[in-house]
Amino acid sequence: MTSEISLAPVPRAVPATRRSSSGVPPTVLLSFLAVLVVVLWSLLPGLFTSYSPVVGDTAAKLDAPSAAHWFGTDYLGRDLYARVVYGTASSVSSALVAVLIGLVVGGAIGLASGFRGGWVDTVLGRFVDVLLAIPGFLLAVVIVSSLGFQTINAAIATGVTAVAVFARLMRAEVVRVRSAAFVEASYLEGGSRLHVLLRHILPNAYRSVLVLAVLQFGTSILVIASLAFLGYGDPPPASDWGLLVASGKTYPTAPWLVYAPALVIVITVLSVNRISRWLRKVK
Amino acid sequence: MTSQYKRYALTRAAQAIAVVLLAYVLTFLVISVLPGDSITNSLRDPQHGLSEEEIQRIVAFYGLDKPVLVQLALSLGRFLTGELGFSLQSNLPVAQLIGDALPSTLGLAASALVIAVVLAVAIAYGAHYLPGKWAAVLRSIPALFLSVPNFVIGLVLIELFAFRLHSFTTTDPNSAAATLFAAITLAIPVSAPLAEVLIASLDHESRQDYALVARSRGLNEASLFVRHLVKPSALPTVTMVALIVGELLGGAVITETTFGRDGLGTVVQKAVTGEDQPVLQAAVALSAIVFVAVNLIADLVSPLVDPRVKVRTEVHA
């Protein structure tokens, strides 16, 4: 009150988060664990549940979560946990397909754009601008409506919407590395374009592209779940996570039908995003 | 500066128009070239209940018996003159369908935008100024917001506030309360990247020398925040507008479906399920126009907001 000069304390926001500088933070370990469970669910669903995802016990319909039915049962008495576990393969592999499309097509566009420069760069740059001009989710909806309502088409559509981001990142990386002294030196030593590409440009770009790919995997799970929620994926009895939430919402008295698959989506995406952030920091 | 700025503005505007036209072409090609039912097939679908003469009239109007490129030229020509055609489902003019749906969606998106900005500023302010533990919690909120699907947020809000607390009813989705919750649903994923950028910007700016000088002059943190930190943080926020508008337009499809509201999103959804290509084409074109226009404005405004932004007329991708 009386002091004339008061130096406000410097905000202490940064130090709190700096824990162990070596080793993997516990949240990242947990995230890897969650992703591992999801991967195992999709590869070996039978190991995780003895219930069938399609045949139910109608006497036990709309049961709340219990020891016998971890996530409760749906309107046909099917075990929801079993449906989530068996729906994992489709939900996860379609996100993987989407990332691969974005990575391969976008990566190729970005490489060509940054490496060749000139008119190639201009034309491809315009193409990427146009892809970006249509809001991502709408573009996915239009593509999936043309290809037909199937999960694989939803995956393709999601992949196309990811092309632009991968192309931009790859181009930026290539341009950054292309002008470096060691690349010039490589050319002077008589290195071919292909040699420079494989030996210098790709290894240098790989890290940030990987981070984006992991991040995009989480985003793709969300977009594909949203498309499935709107009914643009495989129809029931398929049990994609988004579809489970959509069919669950018709039973307000059984909220677990929405919450359980929703929680699985959130935990998966949260874990994937956490891993991506960690990869970005660890250099 | 001014003549240079003028040139910059004109180049940007010309680019924006070109991008919109190309986006229209791309959408047209996706809709009509990719496999799946063509318009003519879906016209024959008895659920449309069209007579043979009506089908002939529509075929002639869209040039469906001609090659795709001719159809594209016809379609683009009509688009340029503002003629959007007729819905295959309801036979209503597309312009009317979209015009009726637009106000509801614009209202929803505008409220969501306001909520998102308020939410993001609150999170960023808290993350920057609250003591350690709380700041850490707030810093992890954007990551959480980014991981929850839009429809899950909507369903949780409906479950809590409509079914349990009776704050609104799902049978009247256009009431003020229902609109508010729909807007919150749309705002939450949008606020996350905004909050992240704001936090990063605040962290950066508050370490700058001018912030230290302001503090040593005895300025308290709140006025420092308002007077010195908000302004430089505004620029990265303006450039994020692109992302935000895209999220709002795309998210509207899901949010409107979740809440059962009428709007552009529902029009798109009905057009997709009813294979109503003219409506879909127009709705996507409109979204692209809005999206590109907002981006253009952001590009034109940022050099005015922050003189540090260099005005460049060269093409950059």
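**Exercise 1. Salt bridges**

Task: Determine how many salt bridges occur over all chains of this predicted model, and state which residues form the salt bridge between chain A and chain B.

Solution: 
- Step 1. Over all chains, the count comes to seven salt bridges.
- Step 2. Between chain A and chain B, the count is one salt bridge.
- Step 3. The partners are A:Arg277 and B:Glu196, with 2.4 Å between the closest N and O atoms.

**Exercise 2. The interface of chains A and B**

Task: Describe the contact between chain A and chain B by its residues, its buried area and the helices that chain A supplies.

Solution: 
- Step 1. Chain A contributes 48 residues to the contact and chain B contributes 54 residues.
- Step 2. The size of an interface is often expressed as the accessible area lost when the parts come together. For chain A and chain B the buried area is about 4,500 Å², and carbon and sulfur atoms give 75% of it.
- Step 3. Of the area that chain A buries against chain B, 12% comes from A:Arg126, A:Leu138 and A:Ser146, more than from any other three residues.
- Step 4. Four residue pairs, both members at pLDDT 80 or more, are in polar contact between chain A and chain B.
- Step 5. On the side of chain A that touches chain B, the helices that each supply at least two residues include α4 (118-133), α5 (136-147) and α6 (151-178). Helix α10(A) gives the most, with nine residues.
- Step 6. Sorted by class, this side of chain A has 34 nonpolar, seven polar and seven charged residues.

**Exercise 3. A helix pair in chain B**

Task: Are helices α5(B) and α12(B) parallel, antiparallel, perpendicular or oblique to each other, and which residues meet?

Solution: 
- Step 1. The axes of α5 (residues 94-129) and α12 (residues 264-273) of chain B come within 7 Å and cross at roughly 135 degrees.
- Step 2. Angles over 145 degrees count as roughly antiparallel, and 65 to 115 as roughly perpendicular; α5(B) and α12(B) are therefore oblique to each other.
- Step 3. From α5(B), the residues B:Leu97, B:Ile98, B:Ala101, B:Leu102 and B:Thr105 meet B:Leu264, B:Gly265 and B:Val267 of α12(B).
- Step 4. The residues of this contact comprise six nonpolar, two polar and no charged.

Methods. Residues numbered from 1 in each chain as written. Chains lettered and ligands numbered in written order. Predicted model: local features only at pLDDT ≥ 70, side-chain atom pairs only at ≥ 80, totals over all residues. Heavy atoms only, no water. Contact = heavy atoms within 4.5 Å. Buried area = accessible area lost by both parts, 1.4 Å probe. Salt bridge = Lys/Arg side-chain N within 4 Å of Asp/Glu carboxyl O. Polar contact = N/O pair within 3.5 Å; in protein donor to acceptor, adjacent residues only side chain to side chain. Helix = DSSP H or I, 4+ residues; strand = E, 2+ residues; numbered from the N terminus. Nonpolar A, V, L, I, M, F, W, Y, C, P; charged D, E, K, R; others polar. Axes fitted to C-alpha atoms, helices over the stretch in contact; angles between N-to-C directions. Parallel < 35°, antiparallel > 145°, perpendicular 65-115°, else oblique.
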